[in-house]
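Colleague: Could you take me through this structure feature by feature, giving the general idea each time and then the case at hand?

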Amino acid sequence: MIDSSDINQTRRDLLIGGALSATAAALPPMASAQGPETGQAPAATPAPVTARVALRVNGQRYELDLDTRTTLLDMLREHLRLTGTKKGCDQGQCGACTVIVDGRRINSCLSLAVMHEGADVTTIEGLGTPEKLHPLQAAFVKHDGYQCGYCTPGQICSAVAALDEIRRGIPSHVSADLDAQPLLSAAELRERMSGNICRCGAYSNIIDAITEYAGRPA
């Protein structure tokens, strides 16, 4: 007959052994912790690879030596101090970082700065200032197209570029005829602005602001 105390002892030994194994797995290997005892110096972190990037931002030319991993968003915010462009999800999902590059809107968090050598970049600071608002900025204020305001710079940059797409006849997924001039309709605007998320839910006011700026009745 098996003694219950033996079973309990075995169970305790198993639990203790499992806990020790998990702890050992979580700790860094002792062999990699090189110190004075081993006579080897710890490996130095390699210096980042840098490249010189020349481009124009809001009409001004800049030349910067940047880590090649620097995104366009981080270049604007951290190196040029143009903090109007916001870092939201940092994964290209929310559109808060939208800027206009050579006439096209892009998510600056997904694009490396070194990819834009010689480019012409426009941020929200290049569209208007508090003293002289861009007409679309004024329309956003009039129609309360923002609440917390965090997504607003990206919304406005995206809207300016979206209206230019319509003027140039570029169709969207909701354009009924790919060969015809796209209509400036609420459906077109909603589709083209669908990559810009407003967590406050001011979408209807945003569409009203864009429509008024475009010169059509809301």
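This is a predicted model: local features need pLDDT of at least 70, side-chain atom pairs count only at pLDDT 80 or more; totals for chains, interfaces and linings use all residues.

Colleague: How should I read a pocket, and what volume does the largest pocket have?

Modeller: On a 1 Å grid over the protein atoms alone, a pocket is an open set of points with protein on both sides within 12 Å along at least five of seven lines, a cavity is a set where a 1.4 Å probe fits but cannot get out, and lining residues have an atom within 4 Å of a point. Grid points are joined across faces, edges and corners, and a volume is the space filled by probe spheres set on the points. Here the largest pocket has a volume of about 290 Å³, and among its 14 lining residues R105, S158, E165, R192 and G195 lie nearest its centre.

Colleague: Which elements each supply at least two residues of that lining?

Modeller: Helices (H or I, at least four residues) and strands (E, at least two) are DSSP runs, numbered from the N terminus. For the largest pocket, β4 (104–107), α5 and α6 each supply at least two lining residues, and β4 gives the most, with 3 residues. By residue class, where Ala, Val, Leu, Ile, Met, Phe, Trp, Tyr, Cys and Pro count as nonpolar, Asp, Glu, Lys and Arg as charged, and the others, Gly among them, as polar, the lining of the largest pocket divides into 3 nonpolar, 7 polar and 4 charged.

Colleague: How much space lies in the second largest pocket, and how do its lining residues divide?

Modeller: The second largest pocket holds about 230 Å³ of space. Of the 14 residues lining the second largest pocket, I124, G128, L133, Q137 and I156 are the closest to its centre, and α3 (124–127), α4 (135–142) and α5 each supply at least two of the lining residues. The lining of the second largest pocket divides into 8 nonpolar, 5 polar and 1 charged.

Colleague: How many cavities of 30 Å³ or more does a search of the whole structure find?

Modeller: The search finds 1 cavity of that size, and the largest cavity has a volume of about 30 Å³. Its lining includes L73, K86, K87, C89, D90 and C109.

Colleague: Is S172 buried or exposed, and what is in contact with S172?

Modeller: Buried means under 20% relative accessible area, exposed over 50%, and partly exposed in between (1.4 Å probe, protein chains only). S172 counts as buried because its relative accessible area is 14%, and its place is in the loop between α5 (152–167) and α6 (186–192). Contact means heavy atoms within 4.5 Å, and, leaving aside neighbours within four places in sequence, S172 is in contact with L178, E188, E191 and R192. A polar contact is a pair of N or O atoms within 3.5 Å; within protein, one must be able to donate a hydrogen and the other to accept it, and residues adjacent in sequence count only if both atoms are side-chain atoms. Such a contact, of 2.8 Å, joins the side chains of S172 and E188.

Colleague: Where is the place of T71?

Modeller: T71 lies in the loop between β2 (60–67) and α2 (72–79), and at 14% relative accessibility T71 counts as buried. The side chain of T71 reaches the backbone nitrogen of D74 at 3.0 Å.

Colleague: Which residues of helix α7 are buried?

Modeller: In α7 (residues 203–213) the buried residues are I206, I207, A209, I210 and T211, and what covers them includes α4, α5 and α6. Just after α7, G215 takes a positive phi of about 90°.

Colleague: How should I read a salt bridge, and how many does the count come to?

Modeller: Side chains of opposite charge can pair when their charged atoms come close. A salt bridge is a side-chain nitrogen of Lys or Arg within 4 Å of a carboxyl oxygen of Asp or Glu, and by this rule the count comes to 11. One of them joins K87 and D74, with the closest N and O atoms 2.8 Å apart. That pair links distant parts of the chain, with K87 in the loop between α2 and β3 (98–101) and D74 in helix α2, 13 residues apart.

Notes
Residues are numbered from 1 along each chain as its sequence is written. Side-chain values use heavy atoms; hydrogens and water are left out.
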